[in-house]
Amino acid sequence: MSRAHAARLHVVPAPGARTVGRVAALVDPAASPTRRPLVVRERLIRVVAGNDAPLQVIVAPAGYGKTTMLRQWAERDPRAFAWVTIRRGHEDPVRLLTDIVEALDTIEPVDDAVMTALRTPHPAISTVVVPRLEQALAARTQPFVLVVDEAEILSQQGAFDVLGTLSGLLPYGSALAVAARCEPALPLGRLRAHAQVVEVRTADLAMTRGEARDMLAAEGLDLAADQIDALVEQTEGWPAGLYLAALALREQDDLDTAIAHFAGDDRLVADYLHDELLCRLAPADRALLMRCSPLDELSGPLCDAVTGTSGSGAVLRRLARSNLLLSPLDRCDERFRCHTLLADALRAELRRVEPETEAEVHRRASDWCDEHDDVEGAIEHAIAAGDASRAGRLIWRVVPVYGAYGRHATVKRWLEHFTDDRIAHQPELALAAATTHMISGERDAVERWALLAGARLDRAADEARDDLEAGVAIMRATVARGGIAQMRDDAARADAQLAEDSPWRSLSCLLMGTAHVVGGDQSEGCERLEQGSRRGATSAPGVQVLCLGLLALVALMREEWEEGGRIADLARAQVERVGLGEYATCALVFAVSAFARAQRGRPDAARRDVDDAHRLLPRLDDFTPVFAALTTLALARAQLRLGDAPAARALLVESARHAAGAPTLQMWIDDAGHRTRSFVQDATACSSSLTAAELRVLSFLPSHGSLREIAAALGVSTNTVKTQAHALYRKLDVSSRSQAVARAAQLGLV
């Protein structure tokens, strides 16, 4: 915006014009002789002043304070500054060079031969003017900075050739500073390669939190840190946007609410954007941006798809290079985004002039994203379009994978866009809701949503009905309200209806395998669990670790210690690798790992697994009963191996509560109960047979002290300690000190 334009705006009574004028005074103090800039951009001044590059390029859209920064630089740099503000006539290289020479002459006289050459009827710039100017510049006695401001007005390559040539003629210590709203047609690639240019871009000119705080305070706003952060985020540090926010907030009583609602559709922002940016666009360009404003990310193919046109990519690249608050998101100029406030303003205009278009844009964008394997984008746009049917189909497609990889929070976030009533009327959404509750271990909610989904299957397309019926059956099997036999039958029904490559197949195998194992058919159950593990390895790691955990438990219960430990280690490692440690169902994996580690003589690692299992165990209270029973059984066996019989007994009581209709599970519980009773009897008998002196010696054995040191601590002879130690070994039925410590630990004696 020219300073003359800004001055005129001060006397125009229209509110929008007054806003533009006030912002002009903020970002360019020359626009108002009575107003000083609110913030000194010290960090930027250090960037441009603290280097030896002959060319400084400052490129950013309107309202970023380019001119203000240049003037602040001039006030703080000991070098002399010459200033040329570009006007339309400067497209003529001769006119441009003439004004540059005149500006330089104001700080130190330029040889008259240069101006004489420029005043000839047809000056030979390259052969006469440039050589004379080079000689004149080489003869100057003091370094200087030549500022060429508002260079976006230049559109002819000849004018940029003048600037490019001039940057190569400057004596060491001098610099050419070019400020523009759009990319200047200078040989920046070559200059970058030779470290001959310093570039200050939009991101550099965006205000920091501290600068925003100072500017807002200067406008009379004493805001809290979180309020400042919110404004910086909403405006993306755009100085003009922050100043407009200050104007909008000064008269507000409830600042938190005002800040939360400040956006690009605010009248002050919309007026400024219109007058400084949008009104300068060609109608077709503005229409493209407006109709694509519902999109968070813009690309040529996507914009073509939603507008039904072609060539959008070229338009976006051109507009991005014009710095219309449109930024590239990659280095290939293929993806772009609008500044938040500009996008807000464009969306507000779209809703005003074409109220039906926004939903249609999102529907078309959803189709395009789906066709290009961007299912998240397709879902987001379907939700934004208010298309629950399409959103449901897309969400149900990804639910098993997202749930398996710990991303069910994303699914829950999508579902939050719909009311419970809307979810209940869309079977895919209802099943997605059931799945999120299944992962969280909320049995009643799973059952409720599964019932609602089953009641709405008539709303589904014929080609999707088998898959949805299988989904309902899987949810019923997970809830297992009808017992183990019903769980097995529901899982089998789902498995038969699912496509061969369905990600749900791993879960149906897990449920069938679990039901067979605890119901008495371990051979069939292990085969199903192995299938589930193989299927889940790539598509459902959360299911895979449960299959592995159950296979490990079966092996351990058969006293196949090496095989059980190996599989338990695989399951435990997968939990860590995929990040499933907060899944309620992984309590089973931790419990089985604790059992295996305790059995292999790794008590410290086993206790850590016990703690992790107990941390998750309360969240299994409302989950599939059989998994809670298996988890508490494995924990009981681990606690018994660690010597804590009371804890084992309490866990077995809890396990038995869920074992109805599961003969193998009941057999395992009974066996563990027998072991617990035997353990208590052995511990009692052993402890009663040990003398007080032997128990005192036993308490020292876990230490690293020698028998001589133990004797000294007890105040007896070494021979006495040796005699008592041998008596201990005999009564504990062991042959070494380490075995005695391990056996005593098992019996709870140390």
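User: What makes strand 3 and strand 4 (residues 175–180) count as paired?

Analyst: Four bridges join them, and they run parallel. Two strands pair if DSSP finds at least two bridges between them, so this pair qualifies. Strands are DSSP runs of E with at least two residues, and helices are runs of H or I with at least four, numbered from the N terminus. In strand 4, Val-178 is the bridge partner of Val-148. This is a predicted model: local features need pLDDT of at least 70, side-chain atom pairs need pLDDT 80 or more, and totals for chains, interfaces and linings use all residues. Residues are numbered from 1 along each chain as its sequence is written, and side-chain values use heavy atoms, without hydrogens and water.

User: Which strand pairs with strand 3 over six bridges?

Analyst: Strand 2 (residues 80–85) does, in the parallel sense. There, Val-84 stands opposite Val-148.

User: How do you know that strand 3 (residues 144–149) is mostly covered?

Analyst: Six of its six residues are buried. Buried means under 20% relative accessible area, exposed means over 50%, and partly exposed lies in between (1.4 Å probe, protein chains only). Phe-144, Leu-146 and Val-148 point one way. Val-145, Val-147 and Asp-149 point the other way. In a regular strand, side chains alternate between the two faces of the sheet.

User: Why is Asp-112 called exposed?

Analyst: Its relative accessible area is 61%. That is over 50%, so Asp-112 is exposed. Asp-112 lies in helix 6 (residues 112–118).

User: What makes Asp-370 and Arg-397 a salt bridge?

Analyst: A salt bridge needs a side-chain nitrogen of Lys or Arg within 4 Å of a carboxyl oxygen of Asp or Glu. Here the closest N and O atoms are 3.0 Å apart, so the pair meets the rule. Asp-370 sits in helix 20 (residues 357–371) and Arg-397 in helix 22 (residues 388–404), 27 residues apart.

User: Why does Asp-370 count as partly exposed?

Analyst: Its relative accessibility is 22%.

User: How many salt bridges does the rule give?

Analyst: The count comes to 55.
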